[in-house]
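Please read them with the structure open.

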Amino acid sequence: MNFKIASSPHTHVRRKTPAVMLFVAIACLPGIAVQTWYFGIGTLVQICLAILAAVAAEAACLKMRQRSVLPRLKDNSALLTGLLLGISVPPLAQWWVVVIGAIFAIVIAKQIYGGLGQNLFNPAMVGYVVLLVSFPLSMTLWVPPLSLVEYPVTVQDTLMLIFTGYSETGFSLAQLRVDLDGYTMATPLDTVKTALTNQQTYQEILNQKVFSEGTGIAWFEVNLAYLLGGLFLLQQKIINWRIPVAFLLTLTLFSFILHSASPDGSASTILHLFSGATMFAAFFILTDPVSASTTAKGRLIYGALVAVLVFLIRNFGGYPEGIAFAVLLANMAVPLIDYYSQPKTYGK
């Protein structure tokens, strides 16, 4: 028998950064496919635009910093940032919206801090929040699922809307958001928030067409697809289980308590878990290895903190979806979380 002696660190999973980034991108494919099926090919167009803008911005910044461009582009971090941002942008938003977000994410949220591994905030969420604050109308105009819209959106219409603002037949995006009965439709979370503000009960809200079996049409399937992708990442040990588990369990607990106390005045737990960007955030946004907590206890605290912030913003804030703001606020707390959650040195 040969007894091999190796110095620390003892790495169990020897995957390089480009491979890790590529695995995360591959795990997004089921969610992207379902999202495209329900909301149209605009999702793919936004992703392509975001990736191209992110990679170009990364190359320009590296060139100005006199760093080697091609080796650093091959780490796939800019590609993944653009991919995550493109998924988050409404499919029919105009082209310059996602381009501005991608450039801001790379230049301001990543390269100014020194590049990959140095950024304090999640770049994709920084770009998303900048767009949400700067262009709130464009960032909230999600079209209904294709099965519910009055005017079918063809591939040509999609391209025309993204690059000109109007479809081939002259319809604007606001007109295309009208359903079969002539009512302008919003996302499930936005519908619930607006209706509760107007003193409607939760059971009355669920009778609207955007809902089916207590969840939003299409959004349940999209979240389920990202859940499957996240489970793939866990199985491949690309991400740690603590952050998504802490996030989902905490969100489940708080939403269950509030809905039990006020069933007519709050959304159900199933709607919180399978609407908006819940599963996408749990497995693909919160688990960013740079901006998230790195200690075992810290990851649990970090995931729970994001869940609490999301719950508060969704129920009491001004936005129907609070993922991006919650992630950035929790990113600010990561240094403090890691400082107080460091494991004791062996022997002490």
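**Notes on ring pairs and salt bridges**

1. Tyr-226 is buried, its relative accessible area being 2%, and Phe-284 is likewise buried, at 4%. In this predicted model the two residues form an edge-to-face aromatic pair, with 5.9 Å from centre to centre and 75° between the planes. The pair links distant parts of the chain, since Tyr-226 sits in helix H13 (residues 219-235) and Phe-284 in helix H16 (residues 278-285), 58 residues apart.

2. The pair formed by Tyr-339 and Tyr-340 is also edge-to-face, because the ring centres are 4.9 Å apart and the planes stand at 85°, where an angle over 60 degrees is required. Here, however, Tyr-339 counts as exposed at 60% relative accessibility, and Tyr-340 is exposed with a relative accessible area of 65%.

3. A search of the whole structure gives 13 aromatic pairs, and ring pairs also join Phe-39, Trp-142 and Trp-219 into a cluster.

4. The salt bridges number 2. In one of them Glu-58 pairs with Lys-110, the closest N and O atoms lying 2.9 Å apart. Glu-58 belongs to helix H3 (residues 42-64), whereas Lys-110 lies in the loop between helix H6 (95-107) and helix H7 (123-134), so the bridge ties together parts that are 52 residues apart in sequence. Glu-58 is buried at 2% relative accessibility, and Lys-110 is buried with a relative accessible area of 2%.

5. Arg-314 forms a salt bridge with Glu-321, for which the closest N and O atoms are 3.0 Å apart, and both Arg-314 and Glu-321 are buried.

Key
Residues are numbered from 1 along each chain as its sequence is written. This is a predicted model: local features need pLDDT of at least 70, side-chain atom pairs count only at pLDDT 80 or more; totals for chains, interfaces and linings use all residues. Side-chain values use heavy atoms; hydrogens and water are left out. Rings of Phe, Tyr and Trp (its six-membered ring) pair if their centres lie within 6.5 Å; planes under 30 degrees apart count as stacked, over 60 as edge-to-face and the rest as tilted. Helices (H or I, at least four residues) and strands (E, at least two) are DSSP runs, numbered from the N terminus. Buried means under 20% relative accessible area, exposed over 50%, partly exposed in between (1.4 Å probe, protein chains only). A salt bridge is a side-chain nitrogen of Lys or Arg within 4 Å of a carboxyl oxygen of Asp or Glu.
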